[in-house]
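Hello,

Here is the structure I promised to pass on. Please open it first, then read my notes below.

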Amino acid sequence: MHVVCPGSFDPVTSGHLDIFTRAAQNWEKVTVLVTFNPNKKGLFSAEERVDLIRKSIAALPNAPQNIEVDTFQGLLVNYLSEHNIKAMVKGLRSSLDYEYELPMAQMNHRLSGAETYFLLTSPEYGYVSSTLCKEVAKYGGDVQGLLPEPVVSAMQQKFAENQR
Ligand code: PNS
């Protein structure tokens, strides 16, 4: 089955990469889809996010060959029906994620019949979020290992540019 891993990915974290690679082991084809949450202000543009995801996947040892990356503005279910995809896969870190994901999964199911599968986040990434990593990195904290290497360098550059 072809599935989508949707998210803001601003930027992609090592926790996201773990979900993508595990999804790629369990489903035939995975499209990582950069979509937009209108309530979140972004640090990286859509193109930058896509580029960072591609670079981060390519840098993995034994990089999976069945993952592609795309971006879409609009309702996720419209992308799914345009591409004849019936399901999505997301990571769950905690009950807080569950509370956030449940209404979206139910709404997407009501809108189009799409199923949402959840993979439990690996324990080492249970506290990792794009938001927290951005905050820590902005103030000079160490995010090595929590973010893929291409993201660490891009973020350092972005914060240096923003300070000018
Ligand atoms: O990484 P996030 O912010 O948790 O991802 C949320 C996202 C982007 C998957 C969600 O906001 C989304 O699907 N946005 C696309 C617009 C849409 O379909 N909204 C209705 C969701 S039920």
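Let me start with Asp-97, which counts as buried because its relative accessibility is 11% and the cut-off for buried is under 20%. Keep in mind that this is a predicted model. Asp-97 sits in helix 4. Apart from neighbours within four places in sequence, Asp-97 is in contact with Gly-91 and Leu-92.

Helix 4 also matters for the ligand shell. It spans residues 95-112 and supplies four residues, the largest share of the shell.

**The ligand**

How many residues surround the ligand? There are 14. The closest are Ser-8, Thr-35, Lys-40, Leu-76 and Tyr-100. By type, the shell divides into six nonpolar, six polar and two charged residues.

- Ser-8: an N or O atom in the side chain is 2.6 Å from an oxygen atom of the ligand.
- Tyr-100: a polar side-chain atom lies 3.0 Å from an oxygen atom of the ligand.
- Phe-36: a polar backbone atom is 3.2 Å from a nitrogen atom of the ligand.

The ligand taken alone exposes 540 Å², and the protein buries 83% of that.

**Ser-8 and Lys-40**

Both residues are among the closest to the ligand. Where is Ser-8 found? It is in the loop between strand 1 (2-7) and helix 1 (14-26). Ser-8 has a relative accessible area of 18%, so it is buried. Leaving out neighbours within four places in sequence, Ser-8 is in contact with Val-34, Thr-35, Asn-37, Lys-40 and Arg-49.

Lys-40 is in another loop, between strand 2 (29-34) and helix 2 (46-58). Is Lys-40 buried or partly exposed? Its relative accessibility is 49%, so Lys-40 counts as partly exposed. Residues up to four places away in sequence aside, Lys-40 touches Ser-8 and Tyr-100.

**What the record says**

An unreviewed UniProt entry carries the annotation "binding site" for Ser-8, Lys-40, Leu-76 and Lys-90. Ser-8, Lys-40 and Leu-76 are also among the closest residues to the ligand in the model.

The unreviewed entry also places the feature "domain: Cytidyltransferase-like" at residues 4-135. Over residues 4-135, the chain is 43% helix and 20% strand.

Best wishes

How values were computed
Residues are numbered from 1 along each chain as its sequence is written. This is a predicted model: local features need pLDDT of at least 70, side-chain atom pairs count only at pLDDT 80 or more; totals for chains, interfaces and linings use all residues. Side-chain values use heavy atoms; hydrogens and water are left out. A residue is near a molecule or strand if one of its heavy atoms lies within 4 Å of it. A polar contact is a pair of N or O atoms within 3.5 Å; within protein, one must be able to donate a hydrogen and the other to accept it, and residues adjacent in sequence count only if both atoms are side-chain atoms. Accessible areas come from the Shrake-Rupley method with a 1.4 Å probe; for residues, only the protein chains shown count as cover. Helices (H or I, at least four residues) and strands (E, at least two) are DSSP runs, numbered from the N terminus. Ala, Val, Leu, Ile, Met, Phe, Trp, Tyr, Cys and Pro count as nonpolar, Asp, Glu, Lys and Arg as charged, and the others, Gly among them, as polar. UniProt positions are given in the numbering used here, feature names are shortened, and annotations may be inferred rather than shown by experiment. Buried means under 20% relative accessible area, exposed over 50%, partly exposed in between (1.4 Å probe, protein chains only). Contact means heavy atoms within 4.5 Å.
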